[in-house]
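Reader: Please show me the sequence and the structure. I will then ask about them one point at a time.

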Amino acid sequence: MPHPCRDLGPEDLVKAARASGVTDERLLRALRATPRSAFVPASRRASAYADAPIPIGHGQVTTQPSLVATMVDALGLTGDERVLEIGSGHGFQTALLARLAAYVVGVERWADMAEQARANLAGQGIENAEIVVGDGTLGVADRVPFDAIVISAAFPEVPPPLAAQLRAGGRLVQPIGPGGQERVELYEKADQGLVRRRTVALAYFVRLYGAYGYPSTAPFEDAG
């Protein structure tokens with residue numbers, strides 16, 4: 001891994017994504033055009049272009065950028081999609097999705113983090129994404145159907161409300177496991193429900209909390 005003191009930039013994240021197997025030039029252009037330094041805490045900006053997770057509070061960390069790219073790549077976005085993102089963090093993945101799809105709805109469980117993500121997205125002039133605060137396992141029922149769903153937290157199965165909110169033929173990517181050792185799986189919505197297509201990556205993720213995830217005492221309510 002490059003040392004954070006080196007003069008790194010977006011091109012280093014593009015190289016890391018390529019090394020992870022991402023070949024979609026549209027996605028690589030979006031990665032090049034989205035400054036990760038604008039989506040991490042100010043105290044961590046020196047490390048923004050290292051291909052590594054960054055702590056963002058509430059015991060959360062960002063997903064490693066090359067893994068973000070790999071997960072987004074698996075969605076096969078072409079530009080017309082409505083995308084649901086579960087676990088927006090500070091908005092970096094949201095920004096990438098917004099550059100690749102028609103509209104993005106992100107769900108974040110922490111109100112202060114959602115507020116920061118909104119500010120970060122606005123700072124980059126991104127207007128085709130919104131962040132809501134709530135229980136991600138419930139999805140966003142008043143925005144259905146979604147063409148693609150990406151879940152950035154782990155649970156042993158896909159929450160039924162999320163599967164239900166995906167249109168026929170749509171794709172869903174989720175880390176499957178208990179939190180800490182996961183298979184990131186790609187599913188497609190067929191007539192009989194979700195069909196697993198392939199394992200996208202092996203990775204470590206925080207747990208997915210909510211009514212259809214792990215129990216949580218944290219409020220799922222927008223303070224704003």
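Reader: How many bridges join strand 3 to strand 6?
Author: Strands (E, at least two residues) and helices (H or I, at least four) are DSSP runs, numbered from the N terminus. Two strands pair if DSSP finds at least two bridges between them. Strand 3 covers residues 82–86 and strand 6 covers residues 146–151; they run parallel, and the number of bridges joining them is four.

Reader: What kind of model is this?
Author: Residues are numbered from 1 along each chain as its sequence is written, and side-chain values use heavy atoms, with hydrogens and water left out. Local features need pLDDT of at least 70 and side-chain atom pairs count only at pLDDT 80 or more, while totals for chains, interfaces and linings use all residues, since the model is predicted.

Reader: Which residue of strand 6 is the bridge partner of Glu85?
Author: Strand 3 spans residues 82–86, and its partner here, strand 6, spans residues 146–151. The bridge partner of Glu85 in strand 6 is Val150.

Reader: In what order do the seven strands of the open sheet stand?
Author: The pairing in this sheet is mixed. Strand 5 (129–133) and strand 9 (193–203) are at the edges and have a single partner strand each, so one side of each lacks a neighbour in the sheet. From one strand to the next, the twist averages 15°. The order of the strands is 5-4-3-6-7-8-9.

Reader: What angle does the direction of helix 4 make with that of strand 3?
Author: Angles run from 0 to 180 degrees between N-to-C directions, and axes are lines fitted to C-alpha atoms, for helices over the stretch in contact. Contact means heavy atoms within 4.5 Å. Helix 4 packs on the sheet and touches strand 3, strand 4 (103–108), strand 5 and strand 6; its direction and that of strand 3 make an angle of about 170°.

Reader: Which residue in strand 9 stands opposite Leu186?
Author: Strand 8 and strand 9 are antiparallel and pair over nine bridges. Two residues make the link in the hairpin that joins strand 8 to strand 9. Opposite Leu186, strand 9 has Arg198.

Reader: Are helix 1 and helix 2 roughly parallel or roughly antiparallel to each other?
Author: Helix 1 (residues 10–19) packs with helix 2 (residues 25–33) at about 150°, and their axes are 8 Å apart. Angles under 35 degrees count as roughly parallel, over 145 as roughly antiparallel, 65 to 115 as roughly perpendicular and the rest as oblique. Helix 1 and helix 2 are therefore roughly antiparallel.

Reader: How many charged residues has the contact of helix 1 with helix 2?
Author: From helix 1 come Pro10, Glu11, Leu13, Val14, Ala17 and Arg18; from helix 2 come Glu25, Leu28, Leu31 and Arg32. Asp, Glu, Lys and Arg count as charged, Ala, Val, Leu, Ile, Met, Phe, Trp, Tyr, Cys and Pro as nonpolar, and the others, Gly among them, as polar. The contact has six nonpolar residues and no polar ones, and its number of charged residues is four.

Reader: At what angle do the axes of helix 2 and helix 4 cross?
Author: Helix 4 covers residues 92–100, and its axis comes within 9 Å of that of helix 2, crossing at roughly 130°. That makes helix 2 oblique to helix 4. Helix 2 contributes Arg26, Leu27, Ala30, Leu31 and Ala33, and helix 4 contributes Phe92, Leu96, Arg99 and Leu100. The angle asked for is roughly 130°.

Reader: How many of the eleven residues of helix 3 are buried?
Author: Buried means under 20% relative accessible area, exposed over 50% and partly exposed in between (1.4 Å probe, protein chains only). Among the buried residues of helix 3 are Pro65, Leu67, Val72 and Leu75. Helix 3 (residues 65–75) is mostly covered, and its number of buried residues is ten.

Reader: Is His58 buried or partly exposed?
Author: His58 lies in the loop between strand 1 (55–57) and strand 2 (60–61). Its phi is positive, near 55°, in a residue other than glycine. With a relative accessible area of 38%, His58 is partly exposed.

Reader: Is the peptide bond from Val144 to Pro145 cis or trans?
Author: Pro145 is placed in the loop between strand 5 and strand 6. With omega near -5°, the peptide bond from Val144 to Pro145 is cis.
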